[in-house]
Amino acid sequence: MAVTETAAQAAPTAVHEGILRRQSLRESAARTYARSLPIVPVRARGLTIEGADGRRYLDCLSGAGTLALGHNHPVVLEAIRKVIDSGAPLHVLDLATPVKDAFTTELFSTLPRQLADNARVQFCGPAGTDAVEAALKLVRTATGRSGILAFTGAYHGMTAGALAASGGAEDVRVTRLPYPQNYRCPYGVGGERGAELSARWTESLLDDPKGGVPAPAGMILEPVQGEGGVIPAPDNWLRRMREITADRSVPLIADEVQTGVGRTGAFWAVEHSGIVPDVMVLSKAIGGSLPLAVVVYRSDLDAWGPGAHAGTFRGNQLAMAAGAATLAYVRENRLADRAATLGARMLGQLQGLAAQHPCIGDVRGRGLMIGVELVDPEAQDPTGRAPAPASPALAAAVQQECLRRGLIVELGGRHSSVVRLLPPLTLTDEQATAVLDRLADALAAAERTPYRLEQPGLSH
Ligand code: PMP
């Protein structure tokens, strides 16, 4: 009897370990989350994931910000089942279907009115990077120019054009401009003043005949940088970017792949500043947990001929149904407002935690897109002119301590030193408390333990 029980207990652990071992033997060295989060999810609901070893986790990674409603939300499952039970074709290229029609109607109903009233949508290949690529190609076609303006710290994806716009590849056609940062402001002033100086730099570069920047095809920006370390752009700076681009007839592309669908406390993050971009790049949450990406743009930019941008997987019916259900649920239940209120409360509590821990250099975010930057206070420049250096090793240790306490968090930022929280918008007050308690505990434990310097903190 005792032997049987032990065997039964050992079995899930053996399955879990076997799967992880085979993964490390067979999958690419480029795998990312799988390295820092050695779990084998088998069941999930809402905020909770259960691993093959029977352990349960609170998931604040949410598929890198994809799961606006958490895992397997009933309205999402019902929408998927309905399509399957109806006998509708699952693969249709870019043909019209009732499911796609309903998705497009729901999507347009959420978009800034001034854009939606006169917009086109292109269904792209299914990843965010596909939509970024499509957007860059679109503005190049529409303007006949080739240069792209992008920002320091940006992340737009891993395909060639998106990677170049993210600063991860050489591309002479991309000009990198300063994204305003409060904590590590390149001008050392932060706040509105730092943002204004960044805007002036952009303006003067574009107008300087010897600036080395020929008239660009477009400017791409994230209203809140996610992978770059959770850096919200001040609303005034976004309005300045809108003015600067509009005055020079440069299309403005808002990459809302991560910020969209209520995440930042508005349905779309551009709503905070009231700007209307010319192009919006959308993915992640719009597919309700399934792969879906679109680019939405002002009709007069639609200079593409038939087949100018194609792809086999542009018609994922299950993703469109799951996405339409998600968009409608977020809208009807005012989850953007909920994200704003709960996010502000969590930020306040984290600032309280920062007051007790000098290793928390900065706490920032917007809505339920929250970042805690970890630093090495002992290595701070004694003049105090610059913030303490980032501590990727401590961030990696905190991530591991969180995991031990059943909490999954993301790491991001320039040095992978920012602990990121991207919980579902359905997070309850009690769950938020549990998340912050576990994080506080993990931080205290990581501070006490000597952490190794070479721990990789991988994101994306
Ligand atoms: N843009 C932004 C702002 C993102 O955060 C991401 C992914 N983290 C992408 C684009 C790329 O999306 P994908 O990984 O689906 O290609």
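This is a predicted model: local features need pLDDT of at least 70, side-chain atom pairs count only at pLDDT 80 or more; totals for chains, interfaces and linings use all residues.
## A first look around the model

Strands β2 (residues 48-51) and β3 (residues 56-59) pair up in the antiparallel sense, with three bridges between them. The protein chain has a mean pLDDT of 94, and 96% of its residues reach 70 or more. Residues 454-460 are another story: pLDDT stays under 50 there, and the model has 21 contacts beyond four places in sequence for this stretch.

Back to the strands. β2 and β3 belong to an open sheet of four strands, in the order β1-β2-β3-β15, and the pairing is mixed. β1 (41-45) and β15 (407-408) are the edge strands; each has a single partner strand, so one side of each is left without a neighbour in the sheet. As a bit of background, strands of a sheet pair through backbone hydrogen bonds, and they can do it either parallel or antiparallel.

For a parallel example, turn to β5 (residues 148-151). Four bridges join β5 to β6 (residues 174-177), and the two run parallel. A150 is paired here with R176, its bridge partner in β6. Which way do the side chains of β5 point? I148 and A150 go one way, L149 and F151 go the other, and all are buried.

Now for the ligand. Its surroundings are made up of A127, G128, T129, Y155, H156, G157, E222, E227, D255, V257, Q258 and K284.

| Residue | Protein atom | Ligand atom | Distance |
|---|---|---|---|
| G128 | polar backbone atom | oxygen | 2.9 Å |
| E227 | polar side-chain atom | nitrogen | 3.1 Å |
| Q258 | polar side-chain atom | oxygen | 2.7 Å |

How much of the ligand does the protein bury? Taken alone, the ligand exposes 390 Å², and the protein buries 84% of that.

One of the residues around the ligand, T129, is worth a stop of its own. T129 is found in helix α7 (residues 128-143). Is T129 buried or exposed? Its relative accessibility is 14%, so T129 counts as buried, the cut-off being under 20%. The side chain of T129 also makes a polar contact of 2.7 Å with the side chain of T159. Leaving aside residues up to four places away in sequence, T129 touches H156, G157, M158, T159 and A162.

Next up is R314, which sits in the loop between β12 (294-298) and α11 (317-332). R314 counts as buried because its relative accessibility is 11%. What does R314 touch? Beyond four places in sequence, R314 has contacts with L93, D94, Q122, F123, C124, G125, H309 and M320. With H309 there is a polar pair too: the backbone oxygen of H309 lies 3.4 Å from a polar atom of the R314 side chain.

Last stop: E196, in helix α9 (residues 191-207). E196 is partly exposed, at a relative accessible area of 23%. E196 and P234 are 38 residues apart in sequence, while their C-alpha atoms are 9.6 Å apart in space.

Definitions and conventions: Residues are numbered from 1 along each chain as its sequence is written. Side-chain values use heavy atoms; hydrogens and water are left out. Two strands pair if DSSP finds at least two bridges between them. Buried means under 20% relative accessible area, exposed over 50%, partly exposed in between (1.4 Å probe, protein chains only). A polar contact is a pair of N or O atoms within 3.5 Å; within protein, one must be able to donate a hydrogen and the other to accept it, and residues adjacent in sequence count only if both atoms are side-chain atoms. Contact means heavy atoms within 4.5 Å. A residue is near a molecule or strand if one of its heavy atoms lies within 4 Å of it. Accessible areas come from the Shrake-Rupley method with a 1.4 Å probe; for residues, only the protein chains shown count as cover. pLDDT is the predictor's confidence in each residue, from 0 to 100.
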